[in-house]
Amino acid sequence: PELRAWLGRPVENWQRLGAGPRVYPPGGGMAEHDDADSFGTFALYAHERWEPGWGGELSTLGRLIEPVPNRCVFLKGGTPHAVLPVRGPAPRMSVIGYTRRPARSRAA
């Protein structure tokens, strides 16, 4: 019930709630995308140390969000975002979570 207000939709509409690790090694990043198949996503930065200038920022809506350790960022599904390339010596590590939209039925 606590998540209903955050998602704006009944929990019964969820097809799947999941989470998993995501590691970007030095030089790694992710092109812009919008997670349109989800109601919402989050990234919890799990690395122990991150220095300014190491890159790996989350770029969304004209804003750069530095991957500070233990920071958690929530995005509404359909929000364009990208991960800029990691420039530092350490990998950018996070736990990514999502709520998938139900599969749409196809007309016969």
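Visitor: Which residue in strand 8 is the bridge partner of Gly40?

Guide: Two strands count as paired if DSSP finds at least two bridges between them. Strands themselves are DSSP runs (E, at least two residues), numbered from the N terminus. Here, Gly40 has Thr99 as its bridge partner in strand 8. Before we go on: this is a predicted model, where local features need pLDDT of at least 70 and side-chain atom pairs count only at pLDDT 80 or more, while totals for chains, interfaces and linings use all residues. Residues are numbered from 1 along each chain as its sequence is written, and side-chain values use heavy atoms, with hydrogens and water left out.

Visitor: In which sense do strand 3 and strand 8 pair, and over how many bridges?

Guide: Strand 3 and strand 8 (residues 92-100) are antiparallel, with seven bridges. Strand 3 also pairs with strand 6 in the antiparallel sense, over five bridges. There, Leu44 sits opposite Cys72 of strand 6.

Visitor: How many of the residues of strand 3 are buried?

Guide: Buried means under 20% relative accessible area, exposed over 50%, and partly exposed in between (1.4 Å probe, protein chains only). In strand 3 (residues 38-45), six of the eight residues are buried, so the strand is largely enclosed by the rest of the structure. Take Ser38, which is in strand 3: its relative accessibility is 0%, so Ser38 counts as buried.

Visitor: Which backbone oxygen lies 2.9 Å from a polar atom of the Ser38 side chain?

Guide: A polar contact is a pair of N or O atoms within 3.5 Å; within protein, one must be able to donate a hydrogen and the other to accept it, and residues adjacent in sequence count only if both atoms are side-chain atoms. For Ser38, the backbone oxygen belongs to Asp35. Asp35 is in the loop between strand 2 and strand 3.

Visitor: What about the phi of Asp35?

Guide: Most residues other than glycine have a negative phi. Asp35 is not a glycine, yet its phi is positive, about 45°. Leu61, also not a glycine, has a positive phi of about 50°. You'll find Leu61 in the loop between strand 4 (58-60) and strand 5 (63-65), and with a relative accessible area of 69% it is exposed.

Visitor: Which residues is Thr79 in contact with, leaving aside its neighbours within four places in sequence?

Guide: Contact means heavy atoms within 4.5 Å. With those neighbours set aside, Thr79 touches His33, Asp34, Thr60 and Leu61. Thr79 is in the loop between strand 6 (72-76) and strand 7 (81-83), and is buried at 13% relative accessible area. Its side chain also reaches the backbone oxygen of Lys76 at 2.7 Å.

Visitor: Is Lys76 buried or exposed?

Guide: Lys76 is in strand 6, and its 66% relative accessibility makes it exposed. Lys76 and Phe39 are 37 residues apart along the chain, but their C-alpha atoms are separated by 6.2 Å. Leaving aside neighbours within four places in sequence, Lys76 is in contact with Phe39 and Gly40.

Technical notes: Helices (H or I, at least four residues) and strands (E, at least two) are DSSP runs, numbered from the N terminus.
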